[in-house]
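Here is a quick tour of the model, from the whole fold down to a few charged pairs. Have the sequence and the structure open as you read.

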Amino acid sequence: MTSKLAFSLSTRVFIDTCWIMHPQGPEILVDHILPALPDPSTQLVLAYPVSEELKKHMASDNPDRATAARNATLTLATLQRKQLIRVMGGSNDTFPDNLFQQLFAQWRLTYNLVLLTNDRALAADIIALRSSASVQNIRRIHVYFIKKGELMSWETQRKHANENMQPQDTRYHGAEDTASDSAERTTRGIQPFETAKEVTSVPDTPIRIQLVPKAGDVITLAASGTRYTLNEQLGAGGEGTAWKLPDNQVAKIFHADKMNRRRLAKLQLMTSNPVRHPSICWPHDLVKNAGGEVVGYVMPQAQGRELDRSVFRAPLMARVFPHWNRSHLVQVCIHLLQAIRYLHAHNVLIGDINGRNIMVDENTNVWLVDCDSYQVAGFPSPVGVQSFLAPELRGISLGTRLRTVESELYSLSVLLFMLFLPGKGPYAYQGGGDLASNLQAQHFPYPFGDTPSSGVPVGPWYNAWSQLIFRAKELFFHTFSDGRRFPIQDWLDMARRFENALERGFVSNEIFPRYRKELSREEALARGGRWIACHGCGREFGAMKSFHTLCVRCVPARK
Amino acid sequence: MTDLALTHDDFVSNPAARVPVILCLDVSSSMSGPPIDELQQGLMQFIREVLADELAASAVELSVVTFGERVQQDIPFGTLNESMTLALRASGCTPMGEGVSLSLRLLEERKSTYQRMGIDYYQPWLVIMTDGAPTDSIQEAAARCRELAASRKLAVFPIGIGPGANLQTLAEFSPNRPPLRLQGLQFSKFFQWLSASMSRVSASTPGTTVPLDVAAITGWAQL
């Protein structure tokens, strides 16, 4: 029917009342829009006023209208229950048309935006936001309507058809239209893996590979039967070699002594239910050699650089992502959380979360690699990096124990901390010892609420912490000081608030902020401070001690 | 003054957990000629190889102490850079005890700097290289080395150069790891191994145990 759509992770899709009430609206939403979104729960937005309008229409005297509104509501409610849509806004919001214009004007620099509406006038107003005399760097804005059961773009309409923007039968072939037919079908067939209580009984008995394919050899993919010749080697490591294949695929070929029964069974399980997500380099098929032996697997190729070789090393980050600011870190955070939420929804744990198996590119896209070490069903994640390991997992043999979501959330917290205070671990502090004893001591030095700072490392770290939003500090503090663990959704909500706070300038957008965060007048007064003019620059600020006369910008830098 | 401030900033804003390594080198008169030349070349090669690995380059902090006519710190602790130079000269006797004592003191100072600044660091490495036997008392220094190594606060690598090196004395510095004797003057291979090990340590964000590829050494050294 309608041509295949695919939207990038940075797209947000808004639904208008008239569109979803169209007889084919719910169907097109579920069959075409949803599969085109990598992460519907984040990207698909229902504005609260639209649901209010639907409610009114349901009570309508016109039976057709009431039925359409009921069908629409039913579909949207189902999506909401499955967490495939976000309902945003509240009763204070203005009516939908104004709201969409506000939202699109506000977010057009941050996201690619899509509006689904059959309202010609609204479409024209929204499309007008694509160009603005005063604003540059506007991202993509698309507006779609339904005509004869097809999804069509008002924009193509305006360009190619008549002036009055009457819907016509031009089918949409947009720039983002890249998903292949088969990829989409597979996505919809993926099932969550079974959860296991115990580690699998499959032993890790070695299976010696008789014939390890090398350059020039032909390999066959087990499920698809596709044959490839190995030409371009991408790398080699302790476990095997990596080879470039067509269509952005990579073949991992194990060394002769690195295959065993457990690994084979795990790869068979993983490839039998091949997770498809733009950020996850999941093993999607087994690789066989000429003799029919399983010698490895294929996965999508990652791009970008390891976090360890970019964000986590300040001097490298400045070189490889020179234009980045804090909002880029927040975007990386969101993209990462979305991918991990997707894995968790399929009962998969990463297990060995660290800065070497997460890649990031300049556009804040994220790739999760080394997925064959993930915990799936009874197959544990057998490796770990000490500084990311939850305290309850330290000192035990990881291959003999299944991890929990809670331990994963701890590792994730460490990683996110190192994202926002680039590369700095949460337990480094003044007066500490070596890395191992700091991990043991679990002393978290950053201030929060009534807890003062106690040994924040010298350097840019205090300011970087200070300019986090409150909710971020709250999550980090309770994780690292009180041993609490917060669900992915809490971190995602935090990241969205952070995004918003940066947009409005509530916190510094510098990766290494020059100043610590200043209190507002209300905050300063509420905490017993005075609101006075700075003796240095005259700007008003909150003086918290009787001897304070200079604002943060005029106080000489902390030594 | 400005330069100092800059250095300080780089030091504290580099988030990498540091791998302090101190080379305690014999530059007594018996090392003169080819041995000292090759030692020096090996060292420069080590610096180049660490710099070539971007992870190791931001994590490894090197210091060099020599013992011979004098006992001195030739390179103060810090990350490496391309412009580093070192001119080793061989003369005098072999005050190994004093050399190791100075190395341990400098390591302690460096560790307390890390602690004062809140910088994570790994267990420090001490490499002792000699072609002979000490001409001063090593008892105190050796006891301190053993103590630190036993409590996993120090990794000691005693290396004998050529047939004249007294491995028994060297063994006193290291309770866990027996001294190695370089075959001929294979400094190059040793420093290759050392830089590879540094890369492995600095890339493995873990805390405690780093698998050292000791198997790689046995090929060119003899016990």
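## Ground rules and one threonine

Two residues count as in contact when they have heavy atoms within 4.5 Å. Keep in mind that this is a predicted model.

With that in hand, take A:Thr241, which sits in strand β10 (residues 240-245) of chain A. Skip its neighbours within four places in sequence, and A:Thr241 is in contact with A:Gln233, A:Gly235, A:Ala236, A:Ala251, A:Lys252, A:Ile253 and A:His255. Its side chain also makes a polar contact of 2.9 Å with the side chain of A:Trp243. Is A:Thr241 buried or exposed? It comes out at a relative accessible area of 15%, so it is buried, the cut-off for that label being under 20%.

## Chain A as a whole

Zooming out, chain A has 18 helices and 20 strands. Its C-alpha atoms fill a box of roughly 75 × 70 × 40 Å along the principal axes. For 559 residues, a compact globule would have a radius of gyration near 24 Å, and chain A has 26 Å, which agrees.

Of those 559 residues, 52% count as buried. Among contacts in chain A with a separation of 6 or more, 64% are between residues 24 or more positions apart.

## Around A:Lys252

A:Lys252, one of the contacts of A:Thr241, is worth a stop of its own. Its side chain meets that of A:Glu239 in a salt bridge (2.8 Å, N to O). This pair links distant parts of the chain: A:Glu239 is in the loop between β9 (232-236) and β10, while A:Lys252 is in strand β11 (residues 249-254), 13 residues apart. A:Lys252 counts as buried because its relative accessibility is 12%, whereas A:Glu239, at 31%, is partly exposed.

A:Lys252 also forms a salt bridge with A:Asp372, where the closest N and O atoms are 3.5 Å apart. Here the two residues are 120 apart in the chain, with A:Asp372 in the loop between β17 (366-368) and β18 (375-376). A:Asp372 counts as buried too, at 12% relative accessibility.

## A pair within one helix

Helix α17 (residues 488-503) of chain A holds both A:Asp493 and A:Arg496, 3 residues apart, about one turn of the helix. They form a salt bridge with the closest N and O atoms 3.9 Å apart. A:Asp493 is partly exposed at 32% relative accessible area, and A:Arg496 counts as buried at 13%.

## Where chain A meets chain B

On to the interface: 31 residues of chain A touch 26 residues of chain B. Together the chains bury about 2400 Å², with 54% of that on carbon and sulfur atoms. On the chain A side, A:Arg313, A:Asp434 and A:Leu435 lose the most area, together 26% of what that side buries.

How many salt bridges and polar pairs cross over? There are 4 salt bridges across the interface, and 10 residue pairs in polar contact. Helices α11 (314-320) and α14 (435-441) of chain A each supply at least two residues to the side touching chain B. That side divides into 14 nonpolar, 9 polar and 8 charged residues.

A:Arg305 and B:Glu54 make a salt bridge between their side chains (2.9 Å, N to O). Both belong to a network of salt bridges that also links A:Glu306, A:Arg309, A:Arg319, A:Arg356 and B:Asp53. Over all chains, the whole structure has 22 salt bridges.

Definitions and conventions:
Residues are numbered from 1 along each chain as its sequence is written. Chains are lettered from A and ligands numbered from 1 in the order in which they are written. This is a predicted model: local features need pLDDT of at least 70, side-chain atom pairs count only at pLDDT 80 or more; totals for chains, interfaces and linings use all residues. Side-chain values use heavy atoms; hydrogens and water are left out. Buried area is the accessible area (1.4 Å probe) that two parts lose on being put together, summed over both. A polar contact is a pair of N or O atoms within 3.5 Å; within protein, one must be able to donate a hydrogen and the other to accept it, and residues adjacent in sequence count only if both atoms are side-chain atoms. Helices (H or I, at least four residues) and strands (E, at least two) are DSSP runs, numbered from the N terminus. Ala, Val, Leu, Ile, Met, Phe, Trp, Tyr, Cys and Pro count as nonpolar, Asp, Glu, Lys and Arg as charged, and the others, Gly among them, as polar. Buried means under 20% relative accessible area, exposed over 50%, partly exposed in between (1.4 Å probe, protein chains only). The radius of gyration is taken over C-alpha atoms; the globule rule is 2.2 Å times the number of residues to the power 0.38.
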